Amino acid sequence: MSAEERLRAERLRKLEDLRAQGIDPYPARCERTHTAQQLHERFSELPPGEETEEFVWVAGRITGRRVLGKASFWDLKDGTGRIQLLLSQDALGEERYELLLRDVDLGDFLGAYGRVVRTRRGELSVRVEDVQLLAKALRPLPEKWHGLKDREARYRQRYLDLLVNEPSRRTFETRSRIVRAMRQFLDERGFLEVETPILQPIYGGTAARPFTTYHNELEQTLYLRIAPELYLKRLLIGGFERVYEIGKNFRNEGISTRHNPEFTMLECYQAYADYEDMMELTEQMVYAIAQELGKEKLSYQGHDVDVTPPWRRLPLREALLEHTGLDLEELPTHEALWEAVQRKGLFVDQQPTWGRLVDELVSEYVEPKLIQPTFLLDYPKEISPLAKAKPEAPHLVERFEPFIGGLELGNAFSELNDPLDQRERFREQEEQRRRGDEEAHPLDEDFLLALEYGMPPTGGLGLGVDRLVMLFTDARSIRDVILFPALRPKKDGARTP
């Protein structure tokens with residue numbers, strides 16, 4: 001029997017001992033009048049050695065205990081902080097005091113009733129006169145300083161990670177603040193928050209492989225959405241001028257430090273706007289989030305970053321020329337570009353189309369260099385089937401991706417609203433699909449029908465919430481900012497990265 005199994009067996013014995021004495025180890029109800037934080041705030045001026053006349057109930061998990069004979073000091077932690085409990089044989093009686101010392105373990109949940117006091121050493125405490133066991137923990141918690149340092153265990157048992165690793169807890173509190181700040185920013189600018197289908201008969205909105213499922217009653221194959229874009233655009237057609245959605249997307253792709261198959265995106269669309277307007281919206285929104293967090297200037301993976309607007313606007317052609325020496329305007333075909341790549345000795349995988357090869361070069365040689373906030377502009381048309389072409393350069397589209405710290409944060413367009421052009425783009429994607437491109441965009445007749453009723457000029461933006469949290473918490477991996485990331489199964493059925 002392992003040490004952990006022996007400890008669990010001992011706690012099970014204590015559980016039965018409590019029940020034998022008529023004590024319910026898992027009662028349905030409990031009393032609580034104050035949290036730890038409320039007590040610290042309310043009695044912040046209580047002098048050392050003083051005691052209040054007011055009785056309080058507190059409740060939380062026992063995380064520490066120091067026994068000094070007939071008295072003991074217990075640490076009780078709730079979701080707001082820690083408060084010290086003073087337990088004594090005089091106040092509780094010898095039998096009950098000894099039972100608590102014998103059968104209550106670290107990790108158990110306890111309710112405590114008593115007066116608030118400030119010890120002579122200045123520790124705000126509750127002098128306990130009554131207690132209630134609220135939940136018996138059958139397994140010991142990891143040691144605070146030595147337990148759960150392994151990343152695999154932290155991801156697989158996030159609940160323990162949150163209990164013993166305060167930086168992890170702060171990361172997810174920060175995540176909540178970021179989402180709240182995004183909502184406030186958009187709400188104040190007249191955007192309407194909406195919900196669109198996660199189960200879709202035709203997936204679309206980006207280039208990705210979907211997860212497939214089946215609806216028994218409808219006898220229909222459905223897909224978990226890879227993006228909400230085409231449904232949000234339908235709302236623009238329906239008369240809403242500013243809409244957004246914060247929700248889950250699902251892409252059947254690889255797992256890496258920057259990719260999880262289930263992730264959270266913000267998508268917003270604004271009528272009578274273009275990608276220039278969305279650049280301004282993006283930099284102002286990220287700056288508003290930074291102000292909420294007090295992080296207008298921050299450090300990400302060793303780089304000092306300032307998110308104060310305006311951000312740099314960098315055409316993709318200029319970026320590639322700067323970092324690879326290749327001028328895309330002089331290499332207009334796939335063959336010419338690939339020959340130039342080989343002559344330069346650049347190391348990238350050959351791609352089936354000119355646009356894909358450009359994208360591969362950008363990913364390898366440009367994106368890691370974009371440390372300060374930068375909008376990378378004007379992507380190839382053939383890899384941007386939902387974006388409006390640039391009038392002066394029709395082989396490119398009005399599209400940008402924002403980067404900070406070498407991290408891609410999103411994607412945005414002047415949205416294509418010509419239904420005939422959109423149909424032709426879908427047909428080109430269908431041809432790529434027939435040639436074996438599993439990520440090519442499927443043709444969506446229902447969306448084309450909607451588009452024929454007319455969509456106003458529109459700017460659209462997608463921002464990765466997980467990536468933003470990585471940026472503002474200096475997280476190396478996306479798994480550090482997702483509470484329950486996708487993990488490979490172990491042979492015994494447990495989950496592991």
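**Figure 1. Overview of the protein.** The protein has 15 helices and 22 strands; helices (H or I, at least four residues) and strands (E, at least two) are DSSP runs, numbered from the N terminus. Its C-alpha atoms fill a box of roughly 90 × 50 × 50 Å along the principal axes. Of its 497 residues, 50% are buried (buried is under 20% relative accessible area, exposed over 50%, partly exposed in between; 1.4 Å probe, protein chains only).

**Figure 2. Helix 15 and the residue that follows.** Helix 15 spans residues 465–473, and nine of its nine residues are buried. Among them are Val 465, Asp 466, Arg 467 and Phe 472. Just after helix 15 comes Asp 474, with a positive phi of about 55 degrees. Asp 474 sits in the loop between helix 15 and strand 21 (488–489). At 35% relative accessibility, Asp 474 is partly exposed.

**Figure 3. The loop holding Glu 219.** Glu 219 lies between strand 8 (212–215) and strand 9 (220–224). Though not a glycine, Glu 219 has a positive phi of about 50 degrees. Glu 219 counts as exposed because its relative accessibility is 64%.

**Figure 4. A cis peptide bond between two prolines.** Pro 309 and Pro 310 are joined by a cis peptide bond, with omega about 0 degrees. Pro 310 is in the loop between strand 13 (303–306) and strand 14 (312–315). Most peptide bonds are trans.

**Notes.** Residues are numbered from 1 along each chain as its sequence is written. In this predicted model, local features need pLDDT of at least 70, side-chain atom pairs count only at pLDDT 80 or more, and totals for chains, interfaces and linings use all residues, while side-chain values use heavy atoms, leaving out hydrogens and water.
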